[in-house]
Amino acid sequence: MTSDTEAMRNHWWWRPGWSVGRRFYTWHLTFEGQDDVHRLAAEYRAALAPLGECVTLIPDQWLHLTMQGIGFVGETSEKDVDKIVAAAGERLAEVPAFDTEIGPAVIDPEAILLHVHPDTPVRRVRDSIRAAIGDVLDEVPEKAEGFTPHVSVAYSASDGSTTAVTTALAGLDHTSARVRITSAQLIVLHRDRQMYEWETYATVPLG
């Protein structure tokens, strides 16, 4: 167990532009049918459950690897979104499906997260998605730099020390999970209920 912080803060503050009812087009990698990912996430949920409302545990359905946003629904043309999906289809066809691993966990100021290793294939998927957005829009949202591929298993729901989380995870077998990535998902995301939930807009296969 490692920590990138000495204190944790509540993840669920409202970022600029966000509010109840808002929806956002964004690309994620999701983990339907990924039994090993679900196994590892369940181990962390069980270990963290005694912390109660101090943490938000992420169920298997909403596990994700955040990739690249496009924009809010209502501010982004659906026609442009469809063009981005088509462009991503062409570009991701040149990116082979791949295996990678996630874990063990790192304590971040707002989350307990699992880093991805090796992360080069994930970065290639994101670069291809950004290029597809650039094929359609004059400006690609979000920075290319500073991206760290990770999968969160829980979010901090309060402010305080990392001690309780560190103690809860101290006896956990810090294994990793094997992941097979064969596609990227464009989703319509919201966070109305202190959870990132979504509907899938398009699934684009890798080559």
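Which residues do ring pairs link into a cluster? In this predicted model, the cluster consists of Trp 12, Tyr 155 and Tyr 196, linked by ring pairs.

| Pair | Centre to centre | Angle between planes |
|---|---|---|
| Phe 24 and Phe 72 | 5.0 Å | 70° |
| Trp 62 and Trp 198 | 4.9 Å | 75° |

Phe 24 belongs to strand β3 (residues 24-30) and Phe 72 to strand β5 (residues 64-72), so their pair ties together parts that are 48 residues apart in sequence. Phe 24 counts as buried at 13% relative accessibility, and Phe 72 counts as buried at 11%. The face of Phe 72 also has Arg 22 lying over it, at 4.0 Å from the ring centre.

Trp 62 lies in the loop between β4 (55-57) and β5, whereas Trp 198 lies in strand β12 (residues 197-205), so this pair ties together parts that are 136 residues apart in sequence. Trp 62 is buried, with 12% relative accessibility, and Trp 198 is buried as well, at 9%. Elsewhere, the charged end of Arg 191 sits over the ring of Trp 14, 4.6 Å from the ring centre.

The serine is Ser 156, found in strand β8 (residues 150-156). Ser 156 has a relative accessible area of 2% and is therefore buried. A polar atom of the Ser 156 side chain lies 3.1 Å from the backbone oxygen of Arg 9. Leaving aside residues up to four places away in sequence, Ser 156 touches several residues, among them Met 8, Trp 12, Cys 54 and Pro 109.

Definitions and conventions: Residues are numbered from 1 along each chain as its sequence is written. This is a predicted model: local features need pLDDT of at least 70, side-chain atom pairs count only at pLDDT 80 or more; totals for chains, interfaces and linings use all residues. Side-chain values use heavy atoms; hydrogens and water are left out. Helices (H or I, at least four residues) and strands (E, at least two) are DSSP runs, numbered from the N terminus. Buried means under 20% relative accessible area, exposed over 50%, partly exposed in between (1.4 Å probe, protein chains only). A polar contact is a pair of N or O atoms within 3.5 Å; within protein, one must be able to donate a hydrogen and the other to accept it, and residues adjacent in sequence count only if both atoms are side-chain atoms. Contact means heavy atoms within 4.5 Å. Rings of Phe, Tyr and Trp (its six-membered ring) pair if their centres lie within 6.5 Å; planes under 30 degrees apart count as stacked, over 60 as edge-to-face and the rest as tilted. A charge sits over a ring if NZ of Lys or CZ of Arg is within 6 Å of the ring centre and within 35 degrees of the ring normal.
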